[in-house]
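Work through these exercises with the model open. Each task is followed by its solution.

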Amino acid sequence: MSSDPPVKFVPAVQNAVRILHLLTARGRPMGATQIAREAGLNVSSAFNILRTLTHEGLIGFDPAAKTYTPDLGLLDFAAPLLGADPTRLIRPMLGAIAQDHRTMVALWQITATDRIVLIDRFTPERIVQAVIARNARLPVFGGAVGRCYVAATGMDRDAARAGYDGVRWQSAPGFDAYWDDACTARRTGVAFDRGRLFRGLEIVASLASDAAGRPRLGLSSITIAGQHAPCDLDRIGDALRDAALQVETRVLRRAAPDAPTPPTETS
């Protein structure tokens, strides 16, 4: 006879998985009471699980409608198994930007470990381009996405300096210039890296955050230096910013942003 002890499952984990299955299967926002009823849980238990899953970024909460939806935090687990394409909404927008502006557009997932992971890229035909492999990983503070990340999180100068120092720049911009760029990105929603992270490449980026204000996706244009005039890069930045705002409001369920304020600077 086997002496192995009986398998014991953790009810709280089972209930959390049940809620995730329910939300992803329904494909529409649901309130806590409805979730509790359909998952066979009491409202108090369901609410505590929902709050925990929201805190961990696995589901999103709309405070106005008081409803829950799956969040892109689930991609942290799915990314190694998926080729890309986190939503059917993002791909057409970024593909159109790539075609309209004759540039490669990259879609980056921002992880909880201060990295960005390339989950998709969009390239028009017959252009000279830099090749970046899918699932490539870079420090979250690097390049144009990094400046947007500092801006979006509102971190102070000391925290930004620590992140900046952890990046291997091919041609370092200097922290003061980097910080100024982040402050500008806080106002405009767009950042530029002109040959600093990688020599010979010009990068323009914007960033999409979830309902809790956590940065989730980076959108960047990557071109060979000199391919585009400065005014063209500005137009690319505007297009990426507009796309990021659509992702925030229509995919990540974030309300329209308040008037921007600059990052906090310590004395």
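**Exercise 1.** Find the residues that Glu56 touches, leaving out those up to four places away in sequence.

*Solution.* Take contact as heavy atoms within 4.5 Å. Glu56 then touches Arg214 and Arg216. Helices (H or I, at least four residues) and strands (E, at least two) are DSSP runs, numbered from the N terminus. Last, check a C-alpha pair: Glu56 and Ala112 are 56 residues apart along the chain, with 9.8 Å between their C-alpha atoms.

The model is predicted: local features need pLDDT of at least 70, side-chain atom pairs count only at pLDDT 80 or more, and totals for chains, interfaces and linings use all residues. Residues are numbered from 1 along each chain as its sequence is written, and side-chain values use heavy atoms, without hydrogens and water.

**Exercise 2.** Which residues touch the most other members of the largest nonpolar core?

*Solution.* Start with the term: a nonpolar core is a set of buried Ala, Val, Leu, Ile, Met, Phe, Trp, Tyr and Cys residues joined through side-chain atoms within 4.5 Å. Buried means under 20% relative accessible area (1.4 Å probe, protein chains only). The largest such core has 34 residues; Trp108, Phe141, Tyr149, Val150, Tyr178 and Ile222 touch the most other members. Elements supplying at least two residues each include β3 (104–110), α6 (143–153) and β7 (201–209). Apart from this core lies another, of 27 residues, with Leu107 and Val204 among them.

**Exercise 3.** What percentage of the protein chain's residues count as buried?

*Solution.* Of 267 residues, 45% count as buried. The chain holds nine helices and eight strands.

Terms used
Buried means under 20% relative accessible area, exposed over 50%, partly exposed in between (1.4 Å probe, protein chains only).
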